[in-house]
Amino acid sequence: MQPRHGFELARALYRQGDNAGAAKVIEASLRASPDAVDLHELYGDVLASDERSKEAAAAYEQVVTLDPDRSRAWRRLGELRLQSGETAGAIVALERAAVLQPHEPGVFILIAEAGEAAGDSGVVLHALARALQNGEETPRVLQRAGILGAERALLGGEPNFAVLSIEWLERAVELDPQLGLAWQWLGRLRRHRLEPVAAIASLRRAVELDPSDPLRLTELAELYLAQHEDEQAAELVERALALEPDPELRTRLEGLVTDPPASGDPGMTGEKGSNESS
C-alpha cells in the first residue's frame, strides 16, 4: 500500500472511531514505508487515543527523528512525557515546540506545568512571562507569574522583578477582583517598596476576601502598627489569635504586642499565602 493511500484510509478510520482498524492500516503501511513521517504521527494520535501513552510517545519520537521541525509532534511528545512524570524530557520537547511555533496557544502554559512538576520556579516564571507576551492573559496566569516574580524580588535578591510583578498582579485583580492571593502579594510588594498606604489597601482587600486567614490578618496588623494605628492592629491581632494559628505564627503575633515593627520597616514579606488558588 502506498504511504499516501494508507494514510488517507487510516485517517478516515481513526475519524470514524475505529482505532484498531486505523492501527492495522498504519502498521501495514509502515512495513512498506518505514520513513513515512505522516503515518508515524497519525500512529501516535491513534495510540494516544487508546491511552497507550508509552507507545504513542515512541511514535512521536520517531516523527521528530525523521522531521525535527514537526512542532505538533514535539508538543504531543511533551504532553505525554508530562503525563508520565518525565518532566525534564517534557520541558525539552515543549521548548522545541515553542521555538517552532512561538504563537501556539497553550504551549507556554504546558512548559510552566512541567516546570511546576519539576520544582523549577525559574522555568515556570519564564514560561508564564512568555505566555503573557503571547496574549494568554488570564487572571490565573497573571497571578501565578506575579507571585513567582514577587518571590524572586523578595526572597531571591532580584529586585528588578518587583515592578513587573506589581504590573502582573494589578492586571490580575483588574480582571478578577476576587483573587485574594494576588491582593496579598500586592500588599507584600508595596510594603517592601515602602508604600504603606497602598500596601494597607491591598492587604485589607485580601482580608475582606478571606477574613479567616490568620496570616493575612497578621500582615495587615503589622502594617497598621508600623503606621502607629494601634487600635486597628490590636483588633486584627485578636482576630488572628482566635483562629488558632500555627505556633510560629502565634509567636509572631504575640511579638507584635511586645515588639511592634518600626515605621517604614518593610518587614517579613516572603511567606507564601495560605491558598494558592484564591
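Biologist: In which helix do glutamate 79 and arginine 76 both lie?

Modeller: This is a predicted model, and in it the two side chains form a salt bridge whose closest N and O atoms are 2.5 Å apart. The two residues are 3 positions apart, about one turn of the helix. Residues three or four places apart in an α-helix point the same way, because there are 3.6 residues a turn. The helix that holds both glutamate 79 and arginine 76 is H5, residues 71-83.

Biologist: Is glutamate 79 buried or exposed?

Modeller: The cut-off for buried is a relative accessible area under 20%. Glutamate 79 has a value of 17%, so it counts as buried.

Biologist: What separates arginine 171 and glutamate 174 along their helix?

Modeller: The side chains of arginine 171 and glutamate 174 meet in a salt bridge, at 2.9 Å from N to O. Arginine 171 is partly exposed, with a relative accessible area of 27%, whereas glutamate 174 is exposed, at 57%. Because they are 3 residues apart in helix H10 (residues 161-175), what separates them is about one helical turn.

Biologist: Which residues do salt bridges that share partners join into one network?

Modeller: The structure holds 27 salt bridges. One of them links aspartate 67 with arginine 70, the closest N and O atoms being 3.2 Å apart, and aspartate 67 counts as partly exposed at 24% relative accessibility. Through shared partners, salt bridges join into one network Arg4, Glu8, Arg11, Asp38, Glu41, Asp45, Asp67, Arg70 and Arg72.

Biologist: Against which helices do the buried residues of H6 pack?

Modeller: Helix H6 (residues 87-100) has 14 residues, which at 1.5 Å a residue should span 20 Å, and its end C-alpha atoms are 20 Å apart, in agreement. Its buried residues are Thr87, Ala90, Ile91, Ala93, Leu94, Ala97 and Ala98. The buried residues of H6 pack against H5, helix H7 (107-118) and helix H8 (121-133).

Terms used: Residues are numbered from 1 along each chain as its sequence is written. This is a predicted model: local features need pLDDT of at least 70, side-chain atom pairs count only at pLDDT 80 or more; totals for chains, interfaces and linings use all residues. Side-chain values use heavy atoms; hydrogens and water are left out. A salt bridge is a side-chain nitrogen of Lys or Arg within 4 Å of a carboxyl oxygen of Asp or Glu. Buried means under 20% relative accessible area, exposed over 50%, partly exposed in between (1.4 Å probe, protein chains only). Helices (H or I, at least four residues) and strands (E, at least two) are DSSP runs, numbered from the N terminus. The expected span of a helix is 1.5 Å times one less than its number of residues. Contact means heavy atoms within 4.5 Å.
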